[in-house]
Amino acid sequence: MRACNHSRASAPRRKGLVEQRIVAKHTPSIAKNQMRRCCIAVIDPPPSNADIDRLWKFFDSSCAYCGAALVRGERRDHVLSQSALGTNDIHNQVLSCGLCNGDEKREEPWESFLARKVSSASLQRRRRARIEEWMQQAPPGRLSISSKKRRTAEAIARAFKDFDAAVEELRALRGRST
C-alpha cells in the first residue's frame with residue numbers, strides 16, 4: 001500500500017475527460033487515531049515477517065476455524081480480541097479466512113465460534129487443540145496487555161492533551177493575518 005495523501009480514481013481515460021483526483025482529509029481526529037495506534041504499537045508491536053512465516057507454516061496455510069486453504073496475505077485473526085485486551089503477539093493470532101474472521105466470528109470468543117462453526121465433535125477437538133498448542137508457545141504474559149492498559153491510556157491522554165493544545169494554537173495562528 002502506498003503511503004501518500006492522494007489517490008487517483010481508476011476510471012479509464014477517455015479523450016476529453018479530465019482525470020479525477022480524490023484527496024484524503026487531514027483532520028485532528030484522523031491524526032489522533034493514528035497517534036493512538038502508534039502509541040499502542042510501542043508497547044505491543046506487530047509480529048515480524050519471520051513470526052508471520054511461522055504462523056503460516058504452523059497452520060499449513062489453512063483457516064484455523066474452517067480449514068479452508070488460504071492464499072498468503074489473507075487474514076489473520078486475534079484469538080483474544082484487541083477489544084478484550086488481547087495483544088498483537090503472533091501466538092495470539094491464527095490464520096482465518098475472510099468468511100470466518102470478517103463475516104461470521106467478529107468479536108465472538110473463539111471457543112464458542114469454533115463450536116458453532118464445526119459440527120463434527122472430533123474435528124472441533126482437533127482444531128481447538130491446534131489453536132491451543134499455538135497459543136501455549138507464547139511467552140508468559142504476552143497474550144494480554146491488561147496490566148499495562150491504564151498506564152497506556154494515561155500516556156495517550158497526555159499526548160492528546162498536548163496535541164489538542166497545539167491544534168488550537170495553530171487554528172489561532174491561521175485566523176491572524178501575517
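**Helix pairs and a pocket**

Helix α2 (residues 49-58) and α5 pack at an angle of about 155°, and their axes lie 12 Å apart. Helices here are DSSP runs of H or I with at least four residues, numbered from the N terminus; axes are lines fitted to C-alpha atoms over the stretch in contact, and angles run from 0 to 180 degrees between N-to-C directions. The angle makes α2 roughly antiparallel to α5, a label for angles over 145 degrees. The α2 and α5 crossing is right-handed, that is, the near helix is turned clockwise from the far one by less than a right angle.

This is a predicted model, in which local features need pLDDT of at least 70 and side-chain atom pairs count only at pLDDT 80 or more, while totals for chains, interfaces and linings use all residues. Residues are numbered from 1 along each chain as its sequence is written, and side-chain values use heavy atoms, with hydrogens and water left out.

Which residues meet between α2 and α5? Arg54, Leu55 and Phe58 in α2 meet Arg130, Glu133 and Trp134 in α5, where contact means heavy atoms within 4.5 Å. This contact divides into 3 nonpolar, no polar and 3 charged residues. Ala, Val, Leu, Ile, Met, Phe, Trp, Tyr, Cys and Pro count as nonpolar, Asp, Glu, Lys and Arg as charged, and the others, Gly among them, as polar.

Helix α5 (residues 121-135) also has helix α4 (residues 110-117) as a partner: their axes come within 10 Å and cross at roughly 155°. α4 and α5 are therefore roughly antiparallel to each other, and their crossing is right-handed. Trp110, Glu111, Leu114 and Ala115 of α4 make the contact with Gln124, Arg127, Arg128, Ile131, Glu132 and Met135 of α5. By class, these residues are 5 nonpolar, 1 polar and 4 charged.

Now follow α4 to helix α3 (residues 98-105), where the axes come within 12 Å and cross at roughly 105°. That makes α3 roughly perpendicular to α4, the label for 65 to 115 degrees. Leu99, Cys100, Glu104 and Lys105 of α3 touch Trp110, Phe113, Arg116 and Lys117 of α4, giving 4 nonpolar, no polar and 4 charged residues.

Finally, look at the lining of the largest pocket: Asn33, Arg36, Arg37, Ile40, Ala41, Asp44, His78, Gln82 and Asn88. A pocket is an open set of points on a 1 Å grid over the protein atoms alone where a 1.4 Å probe fits, with protein on both sides within 12 Å along at least five of seven lines; lining residues have an atom within 4 Å of a point. Helix α1 (residues 28-43) gives the largest share of this lining, 5 residues.

Definitions and conventions. Helices (H or I, at least four residues) and strands (E, at least two) are DSSP runs, numbered from the N terminus. Angles under 35 degrees count as roughly parallel, over 145 as roughly antiparallel, 65 to 115 as roughly perpendicular and the rest as oblique.
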